Amino acid sequence: MIVNKTYNALATAWKGLALTLRHLFGSTKKREVAPIKSANYFKELEKGTNTIQYPKQEIPIPEVGRYQLDVEIDDCIVCDLCAKACPVDCIRIESIKATEAIGQTSDGSTKRLYAAQFDIDMAKCMYCGLCTVVCPTECITMTNQYDRTVRHLDELTYKFSVMTPDEIDEKKVAFEKQQAEKLAAKQAALQAKQGGAS
Ligand code: SF4
Ligand code: SF4
């Protein structure tokens, strides 16, 4: 019984040691980075050092990888669909109505809203990609950038609006003025109608 236990303990210890030695001597050469589509991709991971010489070497990522979000703000129609679809509520959008059409996106959609705020808190994002699926102009995308390092947490809130505070105020005032003028014109037309009827 004791002999069996001793044998098992030695056999187990030898297996562990053999594994350690295999990796120790296998780690003497630099690990090569295999193309992601290589049939031997996972076998290649077993050769050489366990780590790569990042950033000189980088592990290739799949074409459909979901990493940092990006927004092509010129193509955004500020519809808010991405923010509504986000399960963790990490997209904050504030829109301002324009007094008239303000241009077109690259897919021909008419823009009628300004993006006063378009923030994405990547610290909260769970990289589900739902926001990219619902976007009608395909302007919010997941990029292949995965190594975003920051010193402060708030730097992970990406800001895509390009409007200055003065521009935001100016557009708000212009819209309110237009609404007031429309209302005044409507009231004047109503009064004229009532005056004509009496
Ligand atoms: S990827 Fe998912 S969690 Fe991240 S912003 Fe888009 S919808 Fe929200
Ligand atoms: S869904 Fe697309 S177009 Fe709509 S607000 Fe989001 S990024 Fe802009």
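Where is the place of Pro55? Keep that question in hand as you read these notes on the model, which is a predicted one.

1. **Pro55 and its peptide bond.** Pro55 is placed in the loop between helix 2 and strand 1. What kind of peptide bond joins Tyr54 and Pro55? The bond is cis, with omega at about 5 degrees. Have a look at this spot when you turn the model around.

2. Now pick out Leu17, which belongs to helix 1 (residues 2-26). Its relative accessibility is 43%, so Leu17 counts as partly exposed; that class covers values between 20% and 50%. Leu17 and Tyr54 are 37 residues apart along the chain, and 29 Å separates their C-alpha atoms.

3. **Two domains.** How is the protein chain divided by the domain assignment? The assignment gives domain 1 (2-44) and domain 2 (69-165). Between the C-alpha centres of domain 1 and domain 2 there are 47 Å.

4. **The largest nonpolar core.** In soluble globular proteins, nonpolar side chains tend to be buried together. Here, the largest nonpolar core has 23 residues, and those touching the most other members are Leu69, Val71, Ile91, Phe118, Ile120 and Ile140. Which elements give two or more residues to this core? They are strand 1, helix 3 (81-85), strand 3 and strand 4. Strand 3 provides the largest share, three residues.

5. Val71 is part of strand 1. Is Val71 buried or exposed? Val71 has a relative accessibility of 7%, so it counts as buried, the cut-off being under 20%.

6. The structure has two aromatic pairs. One of them is Tyr67 with Tyr146: their ring centres are 5.6 Å apart and their planes meet at 55 degrees, so this pair is tilted.

7. **An edge-to-face aromatic pair.** What arrangement do Phe118 and Phe160 adopt? Theirs is an edge-to-face pair, 6.1 Å from centre to centre and with 90 degrees between the planes. Phe118 is in strand 3 (residues 113-121) and Phe160 is in the loop between strand 5 and helix 5 (165-197), so the pair ties together parts 42 residues apart in sequence. Both phenylalanines, Phe118 and Phe160, are buried. Phe118 is also one of the residues that touch the most other members of the largest nonpolar core.

8. **A charge over a ring.** Look next at Arg148 and Tyr158. The charged end of Arg148 sits over the Tyr158 ring, at 4.3 Å from the ring centre.

9. **Around ligand 1.** Which of the 13 residues around ligand 1 come nearest? They are Cys86, Cys125, Cys128, Gly129 and Cys131. Sorted by class, this shell holds 12 nonpolar residues, one polar residue and no charged ones.

10. **Around ligand 2.** Ligand 2 has 14 residues around it, of which Cys76, Cys79, Asp80, Cys82 and Cys135 come nearest. Its shell divides into 12 nonpolar residues, one polar and one charged.

11. **Two positive phi angles.** Asp80 lies in the loop between strand 1 and helix 3 and is partly exposed, with 24% relative accessibility. Tyr127 has a positive phi as well, near 60 degrees, and is likewise a residue other than glycine. You will find Tyr127 in the loop between strand 3 and helix 4 (130-134). Its relative accessible area is 24%, so Tyr127 is partly exposed.

Methods:
Residues are numbered from 1 along each chain as its sequence is written. Chains are lettered from A and ligands numbered from 1 in the order in which they are written. This is a predicted model: local features need pLDDT of at least 70, side-chain atom pairs count only at pLDDT 80 or more; totals for chains, interfaces and linings use all residues. Side-chain values use heavy atoms; hydrogens and water are left out. Rings of Phe, Tyr and Trp (its six-membered ring) pair if their centres lie within 6.5 Å; planes under 30 degrees apart count as stacked, over 60 as edge-to-face and the rest as tilted. Helices (H or I, at least four residues) and strands (E, at least two) are DSSP runs, numbered from the N terminus. Buried means under 20% relative accessible area, exposed over 50%, partly exposed in between (1.4 Å probe, protein chains only). A charge sits over a ring if NZ of Lys or CZ of Arg is within 6 Å of the ring centre and within 35 degrees of the ring normal. A residue is near a molecule or strand if one of its heavy atoms lies within 4 Å of it. Ala, Val, Leu, Ile, Met, Phe, Trp, Tyr, Cys and Pro count as nonpolar, Asp, Glu, Lys and Arg as charged, and the others, Gly among them, as polar. Domain bounds come from an automatic or database domain assignment. A nonpolar core is a set of buried Ala, Val, Leu, Ile, Met, Phe, Trp, Tyr and Cys residues joined through side-chain atoms within 4.5 Å.
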